[in-house]
Amino acid sequence: MDYKLKKVITRFAPSPTGPLHVGSARTALFNYIFTKQNKGEIILRIEDTDRARSKKEYEDGLISELNWLGLSFDEFYRQSERTAIYKKHLENLIKNEKAYISKEDAEKEGSRGEVIRFKNPNTKIKFNDVIRGEVLFDTTELGDFIIAKGLGEPLYHLAVVVDDFEMNVSHVIRGEDHISNTPRQILIQEALGFPRPVYAHIPLILAQDKSKLSKRKHGDSVSVKHYREQGILPQTMINFLALLGWNPGDEREIFSLDELVSIFDIKKVQKGGAVFNPEKLDWLNQQYLNNLNREEKADKIKEYLAKHKEGWLKSPVLGNPVFIDLIVERIKKWGDIQELVKNGELDYFFEAPTVQADKVPWFKNPDIKSTILHLSKASDIINGLGNTDWDVKIIKDKLMKYADERGRGEVLWPLRYALTGREKSADPFSIAKILGKEETLLRWQKTTKELSEKIQGQDQAIG
RNA sequence: GGCCCUAUCGUCUAAUGGUUAGGACGUCGCCUUCUCAAGGCGGUAAUCGGGGUUCGAAUCCCCGUAGGGUCACCA
């Protein structure tokens with residue numbers, strides 16, 4: 001009765017019929033945490049009794065995603081390799097008249113003449129769910145359900161019950177969609193004389209429309225792989241999934257897997273389903289992104305840039321810490337780098353921008369002559385800086401001193417625009433630092449020249 | 001439809017009979033700023049409805065209602 005006395009053994013039992021679903025990932029996570037908390041063992045069991053729908057590539061994918069998440073398992077089984085065991089128990093059921101071979105109408109396509117049905121004792125089943133409390137079912141309506149297509153072809157309910165027993169599973173933690181399967185499985189357990197594990201049915205993860213997240217209805221966004229490819233960090237995923245349906249009772253919400261193991265409480269898991277909120281996932285990822293060290297950031301930026309702009313990889317800009325910080329500040333996940341590239345927001349770091357002369361002066365005081373003056377003056381200031389002074393703070397201090405005298409917008413807008421050719425961008429100090437003195441001066445001088453020519457043209461036209 | 005589960009801001013949730021119903025995401029505003037991003041500060045917003053029980057109900061009970069899950073020779 002008191003499961004604390006028994007060794008805790010849990011299992012995560014996906015069927016390899018598709019990519020790892022975020023809901024399944026959370027089930028795996030809760031199993032994992034619970035197991036570690038109780039110093040137990042966790043089993044990964046591939047439920048591939050449906051030979052037609054199960055695929056090795058999905059199994060590989062499942063394992064790859066679990067690895068990525070950092071969830072490890074103590075034992076591994078495949079149901080397709082255990083048919084002899086199921087057969088033994090099936091024969092036992094038939095011998096004891098708990099199940100029988102049933103002649104069926106084989107007219108329906110895909111159906112066969114004989115299947116094995118469980119002899120339903122038509123009782124009421126009551127079980128205690130860790131999360132929901134007492135649940136009562138009348139099993140009469142279930143009828144004599146089919147537990148195997150044949151002695152060598154067990155179906156889900158039979159395989160689950162046999163395996164949970166054979167593997168000494170003490171706690172079954174699974175999704176709420178299995179709650180109505182539980183009475184059926186308990187019936188089989190009792191017929192076989194097996195002990196009953198502790199059940200915990202965790203709530204479903206819902207889509208925005210509040211229906212169960214399904215690949216069919218909601219596409220790729222249901223898979224862990226999707227978020228992995230978007231550049232969400234595994235630690236973000238773990239943290240986010242844990243927070244979906246659980247909280248520590250106080251206001252903390254950033255937790256590592258290890259921290260979860262110390263503070264998680266399965267009894268505090270919510271009863272109702274939880275909508276998967278991608279905005280919050282992004283926000284959380286941003287928190288984790290910021291805490292990465294420079295090397296990790298630099299490596300990932302290179303990796304994602306390589307996908308879109310291989311030509312940029314040789315640039316020394318990539319190693320510049322100011323550049324790295326600038327990028328990380330502007331993304332929520334690595335995949336956002338693609339957007340940055342696509343929108344041309346990074347071009348000016350790697351090649352001279354196209355500057356439109358009429359956009360150089362600040363709109364509040366579009367005087368070309370003073371704009372030229374500011375550009376030249378700024379060039380002088382920058383030119384006076386030695387190599388050791390080539391630092392964002394120093395560049396900023398020097399330029400700001402001048403900008404404060406002459407009006408910030410009036411000075412800073414042209415400086416920045418001449419450097420980037422964009423109305424929106426990072427500040428001119430950081431960009432100057434990244435570009436280097438020579439390139440910065442070059443861009444300012446080029447713009448100055450263009451503006452001068454423009455003025456001359458105007459003067460001639462007037463004269 | 002039968003059975004089962006669930007019900008606090010738009011979303012994730014706190015408050016285990018007594019709180020101005022708290023926090024986070026989003027959103028909005030302000031500050032910081034030449035612009036963008038980041039950051040800081042602040043605002044908006046909820047107890048599904050109706051009956052009980054109680055001095056007192058988001059909290060306990062009943063009835064509705066709504067949403068969801070499940071009803072395979074899938075898992």
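This is a predicted model: local features need pLDDT of at least 70, side-chain atom pairs count only at pLDDT 80 or more; totals for chains, interfaces and linings use all residues.
Begin by selecting strands S8 and S9, which pair in the antiparallel sense over two bridges. Now widen the selection to the open sheet of four strands, whose order is S4-S5-S8-S9 and whose pairing is antiparallel. Strand S4 (99-103) and strand S9 (153-154) stand at the edges with a single partner strand each, so one side of each is left without a neighbour in the sheet.

Next, show RNA strand B together with the residues around it, of which there are 61; Lys212, Glu253, Glu329, Arg330 and Pro428 come nearest among these. Colour the atoms of RNA strand B that lie within 4 Å of the protein, and you will find that 74% belong to sugar or phosphate, while the rest belong to bases. If you colour the protein side by residue class instead, the surface near RNA strand B divides into 26 charged, 18 nonpolar and 17 polar residues.

At Glu253, a polar side-chain atom lies 2.4 Å from a sugar or linking oxygen of RNA strand B. At Leu243, it is a backbone N or O atom that lies 3.1 Å from a sugar or linking oxygen of the RNA strand. At Gln270, an N or O atom in the side chain is 3.0 Å from a phosphate oxygen of RNA strand B. Stepping back, the elements that give two or more residues to this surface are strand S7 (133-138), strand S8 (146-150), helix H4 (156-166), strand S13 (274-275), helix H10 (278-290) and helix H17 (408-420). The largest share, five residues, comes from H17.

At the start of H16, a side-chain oxygen of Asp391 reaches to within 2.9 Å of the backbone nitrogen of Lys393. Within the helix, select Ile395, Leu399, Met400, Tyr402 and Ala403, which are the buried residues of H16. Residues three or four places apart in an α-helix point the same way, because there are 3.6 residues a turn. After H16 comes Gly407, where phi is positive, near 105°.

The buried residues of H15 include Ile368, Ile372, His374, Leu375 and Ile382.

Now select Asn320, in the loop between helix H11 (294-308) and helix H12 (321-329). Asn320 counts as buried, because its relative accessibility is 13% and the cut-off for buried is under 20%. A polar atom of the Asn320 side chain lies 2.9 Å from the backbone nitrogen of Val322. Leaving aside neighbours within four places in sequence, Asn320 is in contact with Lys433 and Ile434.

Finish at Thr35, which lies in helix H1 (residues 22-37) and counts as buried at 0% relative accessibility. The side chains of Thr35 and Thr10 are joined by a polar contact of 2.6 Å. Beyond its neighbours within four places in sequence, Thr35 is in contact with Thr10, Gly40, Glu41 and Ile42.

Definitions and conventions: Residues are numbered from 1 along each chain as its sequence is written. Chains are lettered from A and ligands numbered from 1 in the order in which they are written. Side-chain values use heavy atoms; hydrogens and water are left out. Buried means under 20% relative accessible area, exposed over 50%, partly exposed in between (1.4 Å probe, protein chains only). A polar contact is a pair of N or O atoms within 3.5 Å; within protein, one must be able to donate a hydrogen and the other to accept it, and residues adjacent in sequence count only if both atoms are side-chain atoms. Contact means heavy atoms within 4.5 Å. A residue is near a molecule or strand if one of its heavy atoms lies within 4 Å of it. Ala, Val, Leu, Ile, Met, Phe, Trp, Tyr, Cys and Pro count as nonpolar, Asp, Glu, Lys and Arg as charged, and the others, Gly among them, as polar. Two strands pair if DSSP finds at least two bridges between them.
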